[in-house]
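Subject: Handover of a structure

Dear colleague,

I am passing a structure on to you, together with an account of what was found in it. Please open the sequence and the coordinates first and keep them at hand while you read.

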Amino acid sequence: MRFQTKNAHDLARGDEKMHHIGTKEIETDRLLLRRFTKADAQAVYTNYASDDLATKYLTWPSHQDVSVTEAILDTWVEGYGDLSQYKWAITLKRNPSEALGDITASIPHEFEKIDACEVGYVLSPKLWGPGYMSEEMKAVTKYLLKEAGFNRVIARHDVANPASGKVMQKAGLQFEGIHRQGSLNNSGIIDTAQYAILKEDI
């Protein structure tokens, strides 16, 4: 008789395994995080995708025309058929029809075997300040770790944008170090600060 033995990864994390559940609605005190629809194109374009201030530290350029936004939204909406896609529109609960930002969990190939993902986000500048980003970041990391079964969630920011680091800290992520000249965004080659949270941390 043959017995199946657990590897070191299983022993370290117990029997819980990652199981993709896709993008489900998440409510916080002030926000509703939901799936994008094609009808969101104009709001996405106007509120942040065409705003150079909003995209300054991002890896994609500002949209020069709403048709660019429409084409990208088409791929996002189609992508919801894949349960490994985690992409939310950030909206206020009092006006859930208006997309004011987005938050995404991506899974690079090298992260798959360690049940990890990387979260990135953008928010309309008109909502900067009152703590909306840390509120949604905390809710999304809890969803990813507790419901989707990820073991590790990381986030990175340009060191020239310390406000993003404060968002990560308030959401419970721990600082792990600086990657010198480790990334590229709309500002050029940059140093990035990395934060992370584990399932055991929450």
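Which residue is the bridge partner of Arg34 in S3? The partner is Ala89. Please bear in mind throughout that this is a predicted model.

Strand S3 and its neighbours

The pairing of Arg34 with Ala89 belongs to the contact between S2 and S3, which pair in the antiparallel sense over 4 bridges. S3 also runs antiparallel to S4, and 5 bridges join these two strands.

S3 is mostly covered, with 7 of its 7 residues buried. Tyr86, Trp88, Ile90 and Leu92 point one way from the strand, while Lys87, Ala89 and Thr91 point the other way.

The nonpolar cores

The largest nonpolar core has 35 residues, and the members with the most contacts inside it are Tyr86, Trp88, Met137 and Leu144. At least two residues of this core come from each of S2 (31-34), S3 (86-92), S4, S5, H5 (132-147), S6 (152-158), H6 (162-170) and S8 (188-198). Helix H5 gives the largest share, 8 residues.

Helix H2

Tyr48 leads on to helix H2, where it is one of the buried residues. Of the 9 residues in H2 (residues 41-49), 7 are buried, so the helix is largely enclosed by the rest of the structure. Besides Tyr48, the buried residues include Ala41, Ala43, Val44 and Tyr45. What do the buried residues of H2 pack against? They pack against helices H3 (52-55) and H4 (66-79) and against strands S4 (101-106) and S5 (116-123).

Salt bridges

The count of salt bridges comes to 7. Three of them are described here.

In one, the side chains of Glu135 and Arg30 meet at 2.7 Å, N to O. Glu135 lies in helix H5 and Arg30 in the loop between S1 (26-27) and S2, so the pair ties together parts that are 105 residues apart in sequence. Glu135 is buried, at a relative accessible area of 18%, whereas Arg30 is partly exposed, at 31%.

In another, Lys38 forms a salt bridge with Asp74, and the closest N and O atoms are 3.9 Å apart. Lys38 belongs to the loop between S2 and H2 and Asp74 to helix H4, so this pair ties together parts that are 36 residues apart in sequence. Lys38 is exposed, with a relative accessible area of 54%, and Asp74 counts as partly exposed at 36% relative accessibility.

A further salt bridge brings together the side chains of Arg156 and Glu118, at 2.8 Å, N to O. Arg156 lies in strand S6 and Glu118 in strand S5, so the pair ties together parts that are 38 residues apart in sequence. Here Arg156 counts as partly exposed at 32% relative accessibility, while Glu118 is buried, with a relative accessible area of 15%.

The hairpin of S7 and S8

S7 and S8 form a hairpin with 2 residues between them, and they pair in the antiparallel sense over 8 bridges. His179 is found in S7 (residues 174-185). Which residue of S8 does His179 stand opposite? It is Thr192. Not counting residues up to four places away in sequence, His179 touches Ile190, Asp191, Thr192 and Gln194. The C-alpha atoms of His179 and Gln194 are separated by 7.5 Å, although the two residues are 15 residues apart along the chain. His179 is partly exposed, with a relative accessible area of 35%.

Phe175 is also found in S7 and counts as partly exposed, at 48% relative accessibility. Together with Val159 and Ile178, Phe175 forms a nonpolar patch on the surface, and the accessible area of these residues together is about 270 Å².

With kind regards

Note on methods
Residues are numbered from 1 along each chain as its sequence is written. This is a predicted model: local features need pLDDT of at least 70, side-chain atom pairs count only at pLDDT 80 or more; totals for chains, interfaces and linings use all residues. Side-chain values use heavy atoms; hydrogens and water are left out. Buried means under 20% relative accessible area, exposed over 50%, partly exposed in between (1.4 Å probe, protein chains only). Contact means heavy atoms within 4.5 Å. A nonpolar core is a set of buried Ala, Val, Leu, Ile, Met, Phe, Trp, Tyr and Cys residues joined through side-chain atoms within 4.5 Å. Patches are made of residues with over 30% relative accessible area and no salt bridge: like charges are joined within 9 Å, nonpolar side chains (Val, Leu, Ile, Met, Phe, Trp, Tyr) within 5 Å. Accessible areas come from the Shrake-Rupley method with a 1.4 Å probe; for residues, only the protein chains shown count as cover. A salt bridge is a side-chain nitrogen of Lys or Arg within 4 Å of a carboxyl oxygen of Asp or Glu. Two strands pair if DSSP finds at least two bridges between them.
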